[in-house]
Amino acid sequence: MHTVVLTKGVPDFREGQVSFDEDGHLERGKTPTVMNPNDKHALRAALQTKVRNGGDVTLMSMGPPGYKEVLQEGMRDVYADELYLLSDREMGAADTWATAMTVATGIQKLDDEPALVFAGFKTADGETGHTGPQTCWCLDMPMITHVIALDVDEEAGTVRAKRLVEGDIEEIETVETELPAFVVADPEFEPTYRKASHRLRWKDLREETQERAEAHEDYLTVWDHEDLNLDPDYIGLDGSPTIVAGVDPIPKAPAEREATMIDGVDDPEIEQVFDELDAYAAGD
Amino acid sequence: MTEHEQYEAVVVGCGPGGAAAAATLARSGIETLVLERGAEPGSKNVSGGLIYAEESAPYTIDDLFPDFREQATERPATKNYIHNISGEQVATFDISQLHHHDTEWADAVLRREMDSWVGERVHEMTRETGGGLLTDVRVTGLLRDQGEIVGVEMAELDPIEADIVVAADGVNSELARDAGLMDWEEPEEWFQGVKAVVDMPPEVINERFDIDDDEGVAHLFSGDLFEGVRGGGFLYTNEASLSIGTVFHLDSIAAERAEPHELLDSLLTHPLMTQWLGDEYEEREYSAKLVPDSKKVAHESPHRDRLVLVGDAAGQMQAQGPIIKGMNHAVTAGALAAEAYTTAKSRGTPHDAGRRYEQKLNEEGVMDKLRPTSYDIVGKLGETDSIASLTDTIAESALGRFGVRTLGEGVLERLFSSPRLMAMMPDTRTPYVTIPKIIAEELGEPVTDENTVEPPELDDRIGDLTYDVGDPHIELIDNSFKASGTAVTACPVSAKDFGGGCYRDEHVQTNGSEDHVVSLDTQPCVECGTCAVVADTHWEHPDGGKGVEYKDG
């Protein structure tokens with residue numbers, strides 16, 4: 001069974017990694033690119049499928065040549081068999097729509113049609129959560145979002161999933177659809193390996209993939225818009241209907257703040273704490 | 001019964017016993033699954049530790065795992081001494097002869113390194129059979145079909161059926177208890193050991209112990225430096241560290257309300273240690289373990305249905321005075337259990353392996369070593385209270401002292417070097433405390449070096465350990481001080497005047513009356529099992545990969 005996982009490189013927003021200029025704009029050159037943290041959940045879902053149901057995993061991304069490292073990182077996590085990078089200048093500055101068009105075309109061009117396509121739940125930079133569902137729309141597949149548990153029945157040609165209704169952890173439903181299908185993994189996704197044979201296979205795959213990830217370029221295919229037979233007018237910046245009107249930086253927290261220290265143990269002193277907090281509780 | 005995943009053999013625990021069983025099964029082409037609850041083999045294991053290869057043993061660990069000594073051990077123990085101590089008086093005997101008796105080789109080991117190396121080999125060998133080694137899996141109990149043991153149940157996996165289940169799950173074996181073969185009742189049946197691994201560069205070790213890179217020393221300590229608690233201390237040289245520890249009878253720790261970490265400190269701060277520790281030292285890891293006393297608990301029939309017990313799980317730990325051998329017996333037992341299954345299978349009666357295993361333990365002389373008949377006669381008699389106090393009085397008397405002087409160092413050294421004599425040593429104060437003390441007083445020399453080392457406080461020792469805290473795995477059934485108070489002192493990570501340990505001593509006021517109780521916080525637990533014996537608890541291991549993780553072990 002062939003599965004495809006979509007991933008994206010994003011700026012590493014962790015403290016100490018990310019760099020902003022004086023105006024609060026991200027300094028792209030000084031900030032390392034990492035795999036979108038939410039994609040890890042898609043990777044774990046794909047890995048579970050590979051371990052439990054076998055088959056190959058293709059990891060695909062669209063982005064600049066520097067994304068190879070992101071794909072390598074992904075290969076280590078998902079034990080991917082093949083890597084695809086959709087990359088050229090014409091694809092640059094795409095919004096979610098143009099990205100979805102490009103990525104969907106990439107998936108359709110694969111020799112082996114995937115039974116499952118996995119995407120993560122929104123990226124750390126754009127935060128839209130559009131690309132996955134739009135790609136699915138282009139592929140015309142049934143889609144299950146906010147997936148927290150997954151079980152594929154290859155013989156019956158179905159996938160059954162537990163999902164959060166409206167993304168709410170309080171409400172969980174179980175749904176089933178036919179393969180091929182598109183799955184968006186929720187950050188709450190938990191892979192389950194209840195059989196010893198699954199865990200043993202997982203160990204085998206991990207060992208195998210260590211070597212493969214070292215030589216990841218040997219497993220990488222780069223496609224440009226010509227390979228995909230895509231009209232530059234419909235991809236990249238030109239193909240993007242989104243217009244960014246402006247960006248307002250989030251004001252920094254003031255360096256100076258007023259603090260009231262109440263160092264007390266007895267009742268009147270504790271009363272004072274309540275009095276102080278009262279104003280905030282009232283919303284003033 | 002529902003359809004379960006099946007393996008021909010399931011081995012629970014990847015210490016030396018489990019590894020030996022798995023390797024031997026795999027050699028016969030038997031599909032073998034090994035389940036280890038640690039994040040890596042060795043991460044849950046503690047030993048003193050010297051591992052022996054006995055000349056008389058049918059299997060040794062380097063037979064089963066070629067290159068074992070090159071890859072997985074520290075230094076060989078090439079010199080052996082016992083120090084009899086009374087205050088600052090020390091009489092040292094060379095007991096290399098005792099040590100070399102029936103010994104092909106004996107090496108110091110650190111368990112994390114040793115077991116993880118062995119574990120890799122086990123995985124390679126068992127994977128070829130269709131099985132393999134899985135870590136982070138805790139076997140919680142036995143799978144039964146109409147009352148008969150047919151497999152194992154786990155926290156992390158669905159139940160698995162097997163034709164043979166080898167329980168090599170250590171001193172606190174949940175499987176041995178589930179099968180009703182072992183219990184956790186009598187403190188007399190156990191020792192408790194605590195150990196500190198001390199950092200030391202190889203060249204400093206060579207200089208201070210006067211040895212070369214390929215040599216090592218084993219020192220044992222007995223006498224009055226442990227406030228009369230029955231037991232002793234040890235020091236073994238590793239490649240770039242020392243293993244220094246103490247081992248005591250658990251009933252003695254409980255009765256004296258002794259604090260194990262303080263007993264260890266008594267050894268570390270004795271003037272005798274100055275020559276080896278210098279002015280100060282760096283402690284790398286503090287660890288603790290229960291040790292079964294095979295003389296009393298080595299199971300004579302360690303099997304039931306498809307289950308066989310090996311190693312500590314079967315009480316197969318020989319601790320007779322200065323003879324402390326556990327891992328080698330576990331290796332032999334594991335391999336014999338595997339051999340028994342292979343034979344049973346070839347005769348078409350695979351479920352009859354247990355009986356054959358028991359037979360092999362006897363035929364190969366393992367049971368004689370674990371439960372010497374001489375101890376059965378002399379030891380048990382000597383342990384009756386009236387005789388114990390009589391022998392202690394005689395030894396302490398002018399007559400006893402005269403005897404020690406008359407025998408002199410040469411004869412005593414020979415007596416200490418007799419494996420037969422050591423095997424019948426009773427578990428009383430006399431051999432552990434009184435005789436060494438008198439020997440030191442009558443024949444010893446004062447050691448006047450000033451010991452300036454400051455062992456770390458208990459909370460530092462606990463703080464240096466690595467934990468992945470899971471759900472609480474121990475439950476206090478009776479929290480009254482009367483039922484469970486001993487745990488406050490006997491637990492190696494608790495102390496009477498320390499609030500950060502597992503067990504605390506509390507007085508609770510309720511409606512005018514005061515209750516004396518103990519409270520339990522399993523957060524710093526090192527899973528030694530002491531409280532399972534001395535307190536009233538429901539004791540389980542933490543789930544796979546959770547709990548304490550030893551780096552040295």
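This is a predicted model: local features need pLDDT of at least 70, side-chain atom pairs count only at pLDDT 80 or more; totals for chains, interfaces and linings use all residues.
**View 1. Chain A in overview.** Six helices and 11 strands make up the secondary structure of chain A. The C-alpha trace of this chain spans about 75 × 45 × 35 Å along its principal axes. Of its 284 residues, 37% are buried. Among contacts in chain A with a separation of 6 or more, 71% join residues 24 or more positions apart.

**View 2. The open sheet of chain A has nine strands.** Their order is β9-β8-β7-β10-β6-β1-β4-β5-β11, and the pairing is mixed. Strands β9 (172-178) and β11 (220-223) of chain A form the edges, each pairing on one side only. On average, neighbouring strands of the sheet are turned by 30 degrees against each other, direction ignored.

View 3. Strand β5 (residues 82-86) of chain A pairs with β11(A) in the parallel sense, over four bridges. A:L86 has A:W223 in β11(A) as its bridge partner.

**View 4. The contact between chains A and B.** Seven residues of chain B are in contact with seven residues of chain A. On the chain B side, four of the touching residues are nonpolar, one is polar and two are charged.

**View 5. Domains 1 and 2 of chain B meet.** The domain assignment of chain B gives domain 1 (5-74 + 109-182 + 299-370), domain 2 (75-107 + 184-294 + 373-464) and domain 3 (465-549). The centres of domain 1 and domain 2 of chain B, taken over C-alpha atoms, are separated by 30 Å. Across this boundary, 30 residues of domain 1 are in contact with 36 residues of domain 2. On the domain 1 side, β3 (50-54) and β18 (318-320) of chain B each supply at least two residues. β3(B) gives the most, with five residues. The domain 1 side divides into 13 nonpolar, 11 polar and six charged residues.

**View 6. B:I51 in strand β3 of chain B.** B:I51 counts as buried because 29 C-beta neighbours lie inside 10 Å, and the cut-off is 20 or more. Leaving out residues up to four places away in sequence, B:I51 touches B:I61, B:T73, B:A106, B:D107, B:V109, B:M327 and B:N328. B:M327 is 276 residues from B:I51 along the chain, yet their C-alpha atoms are separated by 5.9 Å.

**View 7. The largest nonpolar core, and a second one.** In soluble globular proteins, nonpolar side chains tend to be buried together. The largest nonpolar core here has 173 residues. B:V10, B:V12, B:A21, B:V166, B:A167, B:V310 and B:A337 touch the most other members. Helix α12 (residues 327-346) of chain B gives the most to this core, with 11 residues. B:V310 is in contact with B:G17, B:A21, B:V166, B:A168, B:A330, B:A333, B:G334 and B:A337, leaving aside its neighbours within four places in sequence. A second, separate core has 57 residues, including A:A45, A:L83, A:V103 and A:V184.

How values were computed: Residues are numbered from 1 along each chain as its sequence is written. Chains are lettered from A and ligands numbered from 1 in the order in which they are written. Two residues are in contact if their C-beta atoms, placed from the backbone, lie within 7 Å. Ala, Val, Leu, Ile, Met, Phe, Trp, Tyr, Cys and Pro count as nonpolar, Asp, Glu, Lys and Arg as charged, and the others, Gly among them, as polar. Domain bounds come from an automatic or database domain assignment. A residue is buried if 20 or more other C-beta atoms lie within 10 Å of its own, exposed if 12 or fewer, and partly exposed in between; C-beta atoms are placed from the backbone. A nonpolar core is a set of buried Ala, Val, Leu, Ile, Met, Phe, Trp, Tyr and Cys residues joined through C-beta atoms within 7 Å. Two strands pair if DSSP finds at least two bridges between them. Axes are lines fitted to C-alpha atoms, for helices over the stretch in contact, and angles run from 0 to 180 degrees between N-to-C directions.
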